[in-house]
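Subject: Structure for you to look through

Hello,

Here is the structure I said I would pass on.

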Amino acid sequence: MTPARVRVVALAVALAFVVVAAGGACTRSVGDARDLAVSSDVAARAVFAAALAALARGDEAAVLARFCDTSDDGLARARELLRPALRRGDLLVERVEPAWVGAEPYFLVEVRAGDDSWRHGFGVRARDGCLDRAVGAAPPADADSAVIDL
């Protein structure tokens with residue numbers, strides 16, 4: 001091989017490498033966890049911890065702003081749900097686990113008051129980190145049934 005031909009081949013290989021590297025850096029994987037606002041149970045717990053802190057302060061507006069459904073009806077339902085939890089410093093996250101509703105990934109977050117007078121399951125939507133899919137208040141621990149109302 002002549003020196004000129006070696007330079008042309010080397011230049012072609014270098015150019016091909018640059019094109020492949022640039023193409024790989026520009027493409028985005030669909031469904032990759034990096035596409036999600038909340039991609040772990042630890043992150044979902046942190047999102048909900050901020051909501052619990054706002055509830056303890058009595059800052060209902062801050063918690064309502066975290067809900068995905070900001071329609072008048074959605075906010076009214078959320079306000080009714082949160083009313084017994086406002087200004088309570090004894091709210092505890094009982095469990096966080098990944099779940100799905102249809103094609104929507106989210107994290108189920110179960111919260112209860114320290115005296116078990118209030119218990120509720122919430123969803124933290126993985127895609128954007130908002131509070132969603134409130135699944136209903138569970139009866140107090142001494143009630144006959146431990147089924148969560150839908």
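The notes below go through the strands, then a helix, then a disulfide. Please keep in mind that this is a predicted model.

Strands

Start with strand E2, which covers residues 104–113. Of its 10 residues, 10 are buried, so E2 is largely enclosed by the rest of the structure. Burial is found on both faces of E2. One side carries Glu104, Tyr106, Leu108, Glu110 and Arg112, and the other carries Pro105, Phe107, Val109, Val111 and Ala113.

E2 pairs with two strands that I looked at. With strand E1, residues 91–101, the pairing is antiparallel and runs over 10 bridges. To find the place on screen, look for Pro98, which stands opposite Phe107 of E2. E1 and E2 make a hairpin with two residues between them. In that turn, Gly102 has a positive phi of about 60 degrees.

With strand E3, residues 119–125, E2 is joined by seven bridges, and these two strands are also antiparallel. Val109 has Phe122 in E3 as its bridge partner, while Leu108 stands opposite Gly123 in E3. E2 and E3 form a hairpin too, with five residues between them. Asp116, in this turn, has a positive phi of about 65 degrees. E3 itself is mostly covered, with six of its seven residues buried.

Helix H4

Which residues of helix H4 are buried? In this helix, residues 72–82, they are Gly74, Leu75, Ala78, Leu81 and Leu82. These residues span an arc of only 125 degrees around the axis, so they lie on the same side of H4. The face turned away from that buried side carries the exposed residues Asp72, Asp73 and Glu80.

Disulfide

The count of disulfides is one. The bond joins Cys68 to Cys130, with an S to S distance of 1.7 Å. The two cysteines are 62 residues apart, and the pair links distant parts of the chain. Cys68 is in the loop between helix H3 (60–64) and H4, and Cys130 is in the loop between E3 and strand E4 (131–137). The torsion about the S-S bond is about 95 degrees, so the disulfide is right-handed. Cys130 has a relative accessible area of 11%; the cut-off for buried is under 20%, so Cys130 counts as buried.

Regards

Conventions. Residues numbered from 1 in each chain as written. Predicted model: local features only at pLDDT ≥ 70, side-chain atom pairs only at ≥ 80, totals over all residues. Heavy atoms only, no water. Buried < 20%, exposed > 50% of the residue type's maximum accessible area, 1.4 Å probe, protein only. Helix = DSSP H or I, 4+ residues; strand = E, 2+ residues; numbered from the N terminus. Pairing = 2+ DSSP bridges. Arc of directions from axis to C-beta. Disulfide = S-S within 2.5 Å.
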